[in-house]
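Subject: Structure handover

Hello,

Here is the structure I promised to pass on. My notes follow below it.

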Amino acid sequence: MGGDDSQPMVVAQRLRKVYRGATAVEALRGVDLEVRRGEMVAIVGPSGSGKTTLLNCLSGLDRFDGGRVVIDGADLTTMSDRDRTAYRARNMGFVFQAFNLLPVLTAVENTEIPLLLQGVPARAARRRAEEMLETLGLAQRARHRPDQLSGGEQQRVAVARALVHKPAVVWADEPTGNLDTEVTHVITELLVKTNREGQTIVLVTHNPQVSERASRVIRMRDGRIQEAARAGVEGAAT
Amino acid sequence: MSAWSWFVIGTFLAVYGVLALLALRRPLLARLAFREAWRGGLQTGLVVAGLALAGMGITAGLVAADSTEASVTQNAYLSMGEVDVTVTANGALFDASVADRLAADRNLATGIDGVQGGLDLVGAVADLDQRASDTGVRLYGFDASRQRPFGAFHLVDGRRTYGDDLPPAGVLVSRDLADALHAQAGDRLRISAGASSAEVLVAGVVKLEGPGAFGLGRTLFAPLGSIPSLTGAGNQINVVRLSTPGDGLAGIAAGRRSLPAVREAVAGLGVPGLEVNEAKAAQVRQAERSTQSARATLVTMSLLVVAAAATVVVHLTLMLAEERRRRLGTLRALGLSRSGLVFLSVLESALYSLAGAVVGVLPGLALARYLGPVVAEAGAALSGSESTGYQLAVRPETVAVAVSLAAMLTVVTMAAAALRTARFAISAAIRDLPEPASTGGRRWRLLAAGLLAAAGFAIALAGGGAGRVLGATLMIVGATWAGRRWIEDRARYTLAGTLILAWALVVQATTPLSSEDNAAFAVFFVGIVVSVFGLSLVVAANLALVDRFLALVSPRLGATLRAPVAYMTRRPLRTGLTTGAFGIVLAAITVFAVVGGSYQPDYARDSAGFDVIVRSAQPAITLSPALQAQIARAEVIPTRLYLGRFLAPNSTGYAGGASTYVPLYTLSEAQLANPPLHLSTRSQRFPDDASVWRAMREDPGLVVAATTHVDDTITMWTPTGPVHFTVVAQPVYAIFNGLIGSPRSFSGFDLAVSGSTLLVAARPGVDREGLARAIESELFEQGVTAHTFRSEVSGYLAAIKAILAVIDTLMRLGLAIGLLTLGIAGLRAVVERRRPIGVLRALGFSPRRVVGGLVVEAILTAAIGIAVGVTAGLLLGYLVVTSTYNREFNVDSGALASAIVLVLAATLAVTIGPAMRASRLPAADALRLMD
């Protein structure tokens with residue numbers, strides 16, 4: 001992380017995304033959004049409202065059909081796929097609903113992937129991954145594969161993988177969607193704690209238990225941002 | 001149809017019948033299975049193609065074996081013509097009036113069409129006009145006045161003759177003999193048979209039809225009157241030929257019915273020593289036996305291809321089970337039982353298997369048409385006989401067996417795999433979450449492991465060499481399974497794999513290919529599969545080392561390859577199946593590369609220092625001083641040219657039957673002490689070659705034989721009765737194409753034509769080819785032939801190479817199957833790993849890294865398969881060539897390298913496309929969840 005604190009971390013302007021099939025579906029209809037450095041933003045809304053599509057476009061996972069996305073001053077719109085990939089590797093972390101750990105790798109091996117991709121020497125990468133797992137209370141589970149971990153543990157490993165390389169933004173798509181209430185609480189508190197330490201987090205969720213812990217809630221409907229909730233929260237919504 | 005065919009076809013019908021019945025009772029599952037197979041598109045095409053290759057292999061193997069047997073049997077009928085029964089005195093001459101008296105016997109009038117006295121000899125023939133000669137020529141003396149019931153000779157110029165219109169001293173020669181001598185009508189020929197000789201004229205060249213097919217090779221047909229010096233002025237014969245009504249099997253049956261009457265008639269003659277032989281039946285029986293080895297080879301190799309194909313289906317099943325886990329979980333949630341799930345998988349794979357087996361039939365027949373003649377030609381060359389053509393024999397029951405085997409083996413294997421894949425946690429499967437760690441089931445595991453071990457023990461007790469290998473393997477697997485809680489996985493698998501490999505090698509070492517054919521080939525087949533399995537276990541258990549190595553080499557490289565390599569190293573079963581498919585096939589290729597490499601000629605050693613081999617049908621070979629001056633050393637081996645009944649249970653060479661030509665090489669005491677030839681295979685009773693020769697000096701019943709397996713018993717007949725020999729070794733190459741024994745071994749064969757063999761070592765600087773030509777030129781009138789060892793060895797090696805090429809062709813089918821496995825795996829990776837690839841892309845993997853990872857994974861998998869197969873093949877090959885063939889270990893590195901390069905190049909080719917497709921997968925699409 002780093003950069004100018006006065007600059008927003010994420011800027012989306014007139015973002016449009018159309019899924020073309022038998023009938024074209026306009027998933028994002030000109031979304032404008034800013035996320036400030038150190039914010040924890042929850043995007044909520046009914047199914048099909050475009051939450052995940054917005055997250056994918058903001059994070060550079062998906063191409064969009066119109067508008068502009070700038071992350072920490074870098075314009076994703078003008079980047080080639082290759083550059084975007086490299087940018088993601090350096091500056092972004094991801095947490096998914098289904099954990100999406102690689103089933104054949106152990107917890108520590110999953111965690112160290114972003115570091116190895118940046119060329120961090122193997123020993124150093126392993127040490128940092130182990131430290132991260134220890135921070136998240138998973139030191140004893142570092143050598144276990146995903147199928148040997150509980151759902152909560154898997155999601156904590158996913159969080160560790162998202163944070164280990166100190167990204168500018170962490171994107172989380174329904175991070176508690178597969179977890180029970182107790183584990184949801186644990187993961188939510190983990191994200192909140194991380195956010196308090198300065199990590200910018202943008203997450204998509206259906207779960208009020210999660211969204212109410214965010215510094216700002218953005219509600220979506222039919223591909224548009226309907227409102228920015230929570231009193232006193234700064235941000236823009238159209 | 002044989003019991004085996006009934007069993008295979010019956011089992012196939014039963015299995016598919018049950019599946020069809022279940023499909024009718026559970027139409028929903030049947031519809032699902034059909035749709036899954038139909039929707040598979042390219043993947044279904046590739047699977048069916050792989051299974052079709054297996055079907056092609058097994059069809060080709062079985063049909064080529066049938067065709068070889070049919071061709072050889074047909075040739076046996078052709079060779080015997082109308083001669084069904086013979087009366088001989090086991091090589092001794094007897095009075096020609098015997099034939100007249102039998103012909104006049106009224107009791108034989110109904111069952112016998114024709115009777116004629118004849119002469120059946122082997123000797124040498126020289127064309128005095130063309131100055132060419134040939135030895136080992138069959139001399140067929142016939143009574144022209146009684147030839148009609150035996151058919152007319154068909155001449156190449158279109159004429160037909162019964163021999164009664166030939167000019168005085170006129171004889172007929174077969175086309176092969178005419179070609180060997182460059183003989184033309186009118187040429188003067190000199191026939192030599194021991195001390196006797198005769199001069200005759202070529203009256204015509206006969207086609208391989210009717211009586212002219214006798215001997216199927218280099219044969220001279222002479223009316224008895226044209227060779228008075230060989231027949232005591234026409235009064236002496238050594239065979240009476242009898243013809244019965246009917247051809248083929250009907251002729252054999254008629255011959256058998258006539259035997260009592262013929263025996264009674266012969267007994268009534270009062271001539272001692274006469275024996276009645278079912279000549280045609282014996283010839284046909286021996287022909288059928290002689291193809292057993294070829295059948296065993298072809299079937300074994302085909303089954304290896306099927307084994308490789310079975311791994312494809314299991315691999316696919318595991319992949320599909322993982323890929324379809326979510327919808328299968330939904331089905332389970334909706335009420336589908338676990339057995340229903342197994343049925344679904346089995347039915348789908350049954351559809352693939354049946355389609356593959358049926359599609360493979362026609363290409364299999366085409367391949368058999370190509371392979372068959374090569375086998376027939378090579379077999380003829382190895383046994384020193386002429387190849388007389390090949391007929392493709394497509395028997396409906398054989399095609400049915402091929403389809404049944406190909407369709408059934410994979411289904412049975414698949415059912416076992418489906419039992420495994422049907423076990424999953426429904427809730428985890430529906431949400432596409434990792435499978436929770438299994439708990440409990442320990443008692444069941446121990447019970448199943450115990451049952452497996454017990455079954456293995458029973459198989460080991462009951463099943464001979466192959467059973468010992470398989471049974472012990474099952475016991476080890478059972479013990480390994482049972483010990484899951486007590487010993488760490490890596491140590492357990494490493495130990496189990498090592499034990500399995502070691503045991504397979506021990507059994508292979510103690511069961512040389514020279515023992516009973518089918519049993520030995522069964523050991524070989526099971527040995528290859530089990531060795532590869534054992535070695536694969538060891539490698540799979542230790543693949544984590546690859547991970548560590550990559551991480552040490554480069555972090556970035558490690559990052560790129562970490563996930564793909566982990567897929568390979570941490571799914572040992574699936575990796576093992578792919579490496580196993582390659583391993584089995586490459587092990588077989590390697591074994592035969594070792595056999596081929598070990599058959600590379602070492603002329604100096606294998607010829608025992610001799611350069612030229614001279615053969616004569618006369619007891620002495622006298623060289624002029626001019627020729628002697630070019631010779632450094634010479635050894636004379638007295639050689640009896642036996643022609644008579646010959647029985648050897650597993651003979652792969654001699655035509656066998658009632659009239660078989662076998663040279664008997666008699667080594668003197670001095671030669672037995674210092675033998676002029678090297679041995680190839682020897683009985684395991686003997687630690688070295690010297691002990692073989694020592695034993696032969698002491699026991700006249702022991703012989704060395706070129707084309708009969710060691711430890712077999714040979715029976716031959718002298719006028720005083722049968723003589724039995726035990727084969728203790730085979731000579732290097734089939735240059736000595738008969739039996740080699742001591743003077744006492746062959747002392748009863750005085751009546752056989754007395755010929756000689758001269759081994760010549762040229763002086764330094766003398767041209768070997770020139771010396772051979774000079775010897776032949778100087779002595780051609782005596783019917784002497786002279787060839788360099790090099791030329792004879794080359795011909796023999798060419799035949800060996802031809803057989804190895806047949807095996808290689810079948811194995812390449814297996815390789816193609818292995819490559820299809822990788823292709824399918826690559827295609828499925830795009831689907832099955834859609835989300836992990838999406839994760840990696842999200843985390844910053846570039847498309848190039850995705851491609852690199854998938855390609856490296858495939859190459860590494862193939863490389864491990866290659867390593868496993870080549871290692872197992874080298875170990876087995878070493879045992880085969882050193883213990884079975886007693887040859888130095890050598891590898892035909894060219895053949896092996898070409899197979900390896902082909903595999904790696906093709907792996908790259910079949911993987912790159914799917915990998916590119918995977919790399920183009922948009923990360924968001926791959927990760928997309930329901931909003």
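Chain B has 30 helices and 23 strands (DSSP runs, H or I of at least four residues for helices, E of at least two for strands, numbered from the N terminus). Its radius of gyration, over C-alpha atoms, is 33 Å, close to the 30 Å of the globule rule for 931 residues, so chain B is as compact as a globular protein of that length (the rule is 2.2 Å times the number of residues to the power 0.38). Of those 931 residues, 58% are buried (under 20% relative accessible area; exposed is over 50%, partly exposed in between; 1.4 Å probe, protein chains only).

This is a predicted model: local features need pLDDT of at least 70, side-chain atom pairs count only at pLDDT 80 or more, and totals for chains, interfaces and linings use all residues. Residues are numbered from 1 along each chain as its sequence is written, chains are lettered from A and ligands numbered from 1 in the order written, and side-chain values use heavy atoms, without hydrogens and water.

Now the salt bridges (a side-chain nitrogen of Lys or Arg within 4 Å of a carboxyl oxygen of Asp or Glu). One joins B:Asp66 and B:Arg395, with N and O 3.3 Å apart. B:Asp66 sits in helix H3, B:Arg395 in the loop between helices H11 and H12, 329 residues apart. B:Asp66 is buried at 3%. B:Arg395 is partly exposed at 28%.

In chain A, A:Lys17 pairs with A:Asp62 at 3.7 Å. Both are buried.

Best wishes
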